[in-house]
Amino acid sequence: MFIHFVSRQGRNLLVNIEDITFVLQKGVFCELYIRGVEGSVIVDEEFSAVYRKIKEISPRANNTSENISEGSERASECCD
């Protein structure tokens with residue numbers, strides 16, 4: 001399952017939800033850590049919008065909620 005984001009640099013990103021390893025709130029924006037991408041990507045969307053996208057897709061993706069962390073909580077705790 002893929003999620004579309006727009007990075008702060010204006011790049012379109014299509015990210016496999018299984019590759020998102022950590023989501024961190026940066027002010028109103030969101031910082032994503034993606035497997036295979038060095039460093040992090042700050043997306044031009046509010047944290048709440050990113051959270052909703054992950055929450056909507058997580059139940060449909062196999063074992064995804066076990067792989068994504070949000071802040072210091074597991075995604076399975078915050079998204080289910």
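Q: Let's start with one side chain: is Tyr-33 buried or exposed, or something in between?

A: Keep in mind that this is a predicted model. To read burial, look at relative accessible area: under 20% is buried, over 50% is exposed, and partly exposed lies in between. Tyr-33 comes out at 28%, so it counts as partly exposed.

Q: How many aromatic pairs does the structure hold?

A: There are two aromatic pairs.

Q: Why is the pair of Phe-47 and Tyr-51 called stacked?

A: Check the angle between the ring planes: under 30 degrees counts as stacked. Here the planes of Phe-47 and Tyr-51 are at 25°, so the pair is stacked, with the ring centres 6.5 Å apart.

Q: Where do Phe-47 and Tyr-51 sit in the chain?

A: Both are in helix α1 (residues 47-57), and because they are four residues apart, about one helical turn separates them. As for burial, Phe-47 is buried at 13% relative accessibility, while Tyr-51 is partly exposed at 24%.

Q: Which ring does the charged end of Arg-8 sit over?

A: For this kind of contact, look for the end of a Lys or Arg within 6 Å of a ring centre and within 35 degrees of the ring normal. In this model, the charged end of Arg-8 sits over the ring of Phe-29, 4.3 Å from the ring centre.

Notes:
Residues are numbered from 1 along each chain as its sequence is written. This is a predicted model: local features need pLDDT of at least 70, side-chain atom pairs count only at pLDDT 80 or more; totals for chains, interfaces and linings use all residues. Side-chain values use heavy atoms; hydrogens and water are left out. Rings of Phe, Tyr and Trp (its six-membered ring) pair if their centres lie within 6.5 Å; planes under 30 degrees apart count as stacked, over 60 as edge-to-face and the rest as tilted. Buried means under 20% relative accessible area, exposed over 50%, partly exposed in between (1.4 Å probe, protein chains only). Helices (H or I, at least four residues) and strands (E, at least two) are DSSP runs, numbered from the N terminus.
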